Structures are given as structure tokens and as C-alpha cells.
Amino acid sequence: MSAIFDVRNLRKMFGGLAVTNDVSLSMAPGDRVALIGPNGAGKTTFVNLVTGNILPNSGTVTLGGEDVTRLGPTQRVRRGLVRSFQVTRLFSEMTPEEHVSLAILQREGRSGKMFASHRAMPGVMDEAHALLAKLGIAQLAGHRVSEIAYGQQRLLELALALALKPKVLLLDEPAAGVPQSDTARIEQAIADLPADLAVLMIEHDMDLVFRFAKRVIVLAAGEIIFDGSPDAVTKDARVRQAYLGSYADARSVA
Amino acid sequence: MALLTTSLSTTGDRRARLTRDAIGVLVIAAFALVGYFLFPNNLALLTRITAIALLVLSLDLVTGYCGVATLGHAALFGAGAYGAGIAAAHFGITDPIAMLAVGIVSGAIAGLISGVVVLRAHGLPQLVLSIAIIHLAHEAANKASGWTGGSDGLAGIMPDAVFGLWQFDLWGRTAYVFGIVLLIVAFVILRQIVRSPFGMLCRGIRQDPVRVRAMGASVHGTLIKMYAISGAVAGAGGALNAISTQVVGLDSLSFTLSAEALVMLVLGGTGSLYGALIGTITFMWFEDVVSAANPFHWLTIVGALLIAVVLFAPKGLYGSVAAYFERRGRKGR
């Protein structure tokens, strides 16, 4: 199996506390992996380590065969490791069309152009509109982001990530904060992600995890305690122990 | 079909934008003409307004478009003024276009340097660093009196005729036209830059730098570039001031000028080139009229105007009007 994304023995200490302790995981193109774990398990630290926002004490991160452990976040994005955010981060005064155009131009290395206009680049505009249409928000292309609904903003985040043509996509709770009525559209958009893209989803919503993931990884106290199929995870004693503590054996799982 | 409609709408958009820019240029030119005929004995003030307008435009680039807070922007203006002045007084470069070029380059270099320093910090520390820069620049110019004339000012600047044809005259007509042409050229170039992909990236940085990084773009590199461009524009303003007044004083490198430029920008509205222009004209015209009408309390009256604008039109004069029309336009749609 050729791994597009490979994390080996990653360790991060905050003082004497190992918040990420000897974590290894490997993903091939097309993988659909969910990373779950109780609060304080170290999921956020793991995301920050992998995206390059903080540096590990030891271990390596490899992307498409290249060691990116010491590279900064923007360099990793340029090499195809793209993330979405748990709470939407968008430019509130800009339109979806501008967002996606900017991402496309950035991918093509043309975002620094001063004597050009994205509107005069038919290739960029067509790609931007096609992407917005694919996510079902084409009708909002010209509206300010501050005027569109939160569920639609989440879809725009996905469009932004896709515009960068990632090899590995990190989805940080893609359905968090979205009203129930809109979650179906988000789930559909996630189901429609390119087949050769490796997707790692950090999620709390177990319904979404079980529908999406072919493989589930459980993180607890900075360590991977489970890596296997969604069917096996609910039956695993250590996972139940991690989530429910001493109640794991006393009551049935709600 | 989808392709056809997109490319059609892009050319339509482009024409609409060009039309709007042409109208902008015509409005500036019309204002300039009206000023010329209404105040023929006050062209020196109008030229000064033009020079300061370039400073405020330049401040708008970093503050309005990129969200960098600075109270030291006059350092870039002063660098342009002293650059052009020293070139003329010490090196005999008296061709106004060459002086202007020296001012632009000096301003851009000053912009790069202050960008590198100011962008080390964020928020209040950033503001403090910018104040430190203007004080250091002011003190440096004061001490290097052999070059700058110190507190007496740098005199002996005698610019040649523009293109060898138009002599700078006693009434300041040539200087005024020179300044207006410079302002229009700068305005057209900046309109292009702020709506280019680069300009879009800058607006993105102001709204959410974390998102810009997550797109793989360099925040710091983009801001440094914008600082250099801003320096070039401020430097052009400084050079215009040196050429038109034929003297450069320490006031062009002062904290007061930096702060006033920020006030003018907020008055007109940040993040819009029109806002910068309207803020400058309003502030300087108001200051001139009020100080002549009431020499004792004019600062109080200027202060009252600012409080009124900040309270009732927080987006600035232009920003509030533009927002009003945008709301109406949306209702009508």
C-alpha cells in the first residue's frame, strides 16, 4: 500500500505531559478515516502537529513521500495537505465567488498578481462557478458571506478546500454548529468528495462517523487506543473505558 | 452555454468597472478644476491637500485594506520628501520627474523597513512600534542636520521646469497641475492593485489571516509587499510636497502628521480609495476654514466634527453613504 500521508511515532510534550504520545497513522489515496476521542484526548494538538502549527518533539510527518515534519503550515498546504476549521473561518465581506477564485489563484501561484483581475480570467471564473455549483451554492456566488446562512458557509469552506486540489483533506468537525435541517446537505457534499482524496475527519457526531468512515481511530490521553473498522469500535472494551470510565461496565451505552 | 454566459458577464463587469474608474478620474479632475478657479490665490493649500491625499491613500493601503494599525506612516512621506529634497539640494538632481522618482524609491525603502519592524507585532504593540519608528525617524532627521538642515528645514531646493516646458511659478499653478496629474495616475494604479488578486489577498488578510494561511498563502510576504507599495505612494506625496514648497521641514516626519493622516482616513472611511480622498479634502478644508474663522477655538470645532462623524457615521463619510446606497440597492433588487 502506498501511503500518501504517513505519521510516524509523533510525540509532543507540554511540560511533563505527553499530549501526543507515540501516535502513528497511515493513509492511502481514497481513504475515509474518522478520528474520534473524548474531550482532552489530544485531537486538536494532533491536528496542529500535522498541519504544522506546532512542531513535535519527535516523530515524522510524511506527505506524498516527502518529509514535511519541519515545514510550516503554508508549505504543507502547498504540498496538498489542506484542512477545514471547526468554526467557520471565512472573509465576511467577500463573496463566495471571490473566496473560491482566490483559492484557485493561490493554487496556481497567481494570487500575487497586481495588474490582473480574476474576473477577466475565464478559466478561473468557470472553475469557481463549477465548484460552487457542485456544492449547491452557485446562486449565492455574488452575495457577501456575512449574508449567507451558516450551513451554506460550511459548504463554502468545503469548496475552498477543494479549490486547492488537496491530496489529503483534514475535516475538523464539518457539521459542527449546523442546524439539523442542513446536515444532510453537508453529509452529501462529504460523500461526494473526490474518490482518490484521502480524508481524515475529526468528529463527535457518531451518526456521521459511522456513515462516513471505513476506518475509525480512537485517541485517548494522547495515544491511539483503537484503529479498526466502525463495527468493531463500539464493542472495544478500551474505547468504552475511555469514553465512559468506570460506568463502561455498569450501564449499557446510550 | 455556462461558459458563454460567464465570459459574457466578465466582459460586462469589466466595462462597468472601467466606466466607474473613468467617472472617478473625471470627478477628481472636475474637483481640481473647480478648486483652481474658485481659489486661484490658494493653490499652495490645494497642492498641500493633494500631497497629503497621497499620504492618506498610502495609509489606506496598509490600514484600510490590510488591517495594520500604524501611527507612524508619516515616516514614509517624510522619507520621500527628504529623498527628493536632498537629491535636489545636495546632488543637483533638480529635474522634477527625477526628484519624484527619488522620492518614490526613498518612500518604498522606508516602507520596507517600517514594514519589517511594524509587522513583527500585532495590535497594540504594533501601534507602539509604529510610534517608535516615527520618533526615531524624526530624531534622525533632526540630528543629521548637515544633510537635512535639522530644525531649520532643508532649503535650496530649486526644481527645473517640468519636461523643460513648465516653470514652477510664484502662484503655484505648475505645482498644482503637477500634483493633480500625479494624484490621478496614483489613483488609477491603486484602483487596479486593490481589485487585483493581490488586493483580494490583502483584504483576506485583514478579515482572517488564519484562513489566508490555510489557503497556503504567505501573510507576512504579502503585507511586506503592500508596505513597500504604500511607501512608494507616500513617498510620491512627500516628493510633491518638497517640489511644490521647495523646502522640507521636520514636520513632514512628525507624529502629528501620522496621527492626522489616520484621522483623515477614518473621517472619510477606511478600505476605500474614495474614502481616503474625501477624508483628506474634508479635514484639510474644514481645518483651513475654521482656523481662519475662529483662530482661538478651531481645534475644539475640529474635535467636535470628529466626534460627530465617529458617533453618527462610524464607517466614515464615504463609507456610510456607500453602505446606505448598497442597502437601498439590495432592497430594490
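## Basis of the description

The model is predicted: local features need pLDDT of at least 70, side-chain atom pairs count only at pLDDT 80 or more, and totals for chains, interfaces and linings use all residues. Residues are numbered from 1 along each chain as its sequence is written, while chains are lettered from A and ligands numbered from 1 in the order in which they are written.

## Two helix pairs in chain B

Helix H2 (residues 43–65) of chain B packs against helix H12 (residues 273–293) of chain B at an angle of about 140°, and their axes are 9 Å apart. Helices (H or I, at least four residues) and strands (E, at least two) are DSSP runs, numbered from the N terminus. Axes are lines fitted to C-alpha atoms, for helices over the stretch in contact, with angles running from 0 to 180 degrees between N-to-C directions. H2(B) and H12(B) are therefore oblique to each other; angles under 35 degrees count as roughly parallel, over 145 as roughly antiparallel, 65 to 115 as roughly perpendicular and the rest as oblique. The crossing of H2(B) and H12(B) is right-handed, the near helix being turned clockwise from the far one by less than a right angle. Among the residues that make the contact are B:Ile49, B:Val56 and B:Asp60 of H2(B) and B:Leu277, B:Gly279 and B:Asp288 of H12(B). Contact residues comprise 11 nonpolar, 2 polar and 2 charged. Ala, Val, Leu, Ile, Met, Phe, Trp, Tyr, Cys and Pro count as nonpolar, Asp, Glu, Lys and Arg as charged, and the others, Gly among them, as polar.

Helix H3 (residues 74–91) of chain B and helix H4 (residues 96–118) of chain B cross at roughly 140°, and their axes come within 7 Å. This crossing of H3(B) and H4(B) is right-handed. Residues that meet here include B:Ala79, B:Gly83 and B:Ala87 in H3(B) and B:Gly103, B:Gly107 and B:Gly111 in H4(B). The contact of H3(B) with H4(B) has 12 nonpolar, 7 polar and no charged residues.

## The largest nonpolar core

The largest nonpolar core has 163 residues, of which A:Ala159, A:Val168, B:Leu54, B:Val56, B:Ala84 and B:Ala239 touch the most other members. H2(B) provides the largest share of this core, 14 residues. Such a core is a set of buried Ala, Val, Leu, Ile, Met, Phe, Trp, Tyr and Cys residues joined through C-beta atoms within 7 Å.

Not counting residues up to four places away in sequence, B:Ala239 touches residues including B:Ala84, B:Met99 and B:Gly103.

## Contact between the chains

Chain B has 26 residues in contact with 32 residues of chain A, contact requiring C-beta atoms, placed from the backbone, within 7 Å. On the side of chain B that touches chain A, H8(B) gives the most, with 7 residues. This side has 10 nonpolar, 9 polar and 7 charged residues.

A:Val61 lies in strand S4 (residues 58–63) of chain A and is buried, with 22 other C-beta atoms within 10 Å. A residue is buried if 20 or more other C-beta atoms lie within 10 Å of its own, exposed if 12 or fewer, and partly exposed in between. Beyond residues up to four places away in sequence, A:Val61 touches A:Val7, A:Val50, A:Val68 and A:Thr69.

A:Leu131, in helix H4 (residues 122–134) of chain A, is buried, with 22 other C-beta atoms within 10 Å. Its contacts, not counting residues up to four places away in sequence, are A:Val100, A:Ala159, A:Leu162 and A:Ala163.

How values were computed:
Two residues are in contact if their C-beta atoms, placed from the backbone, lie within 7 Å.
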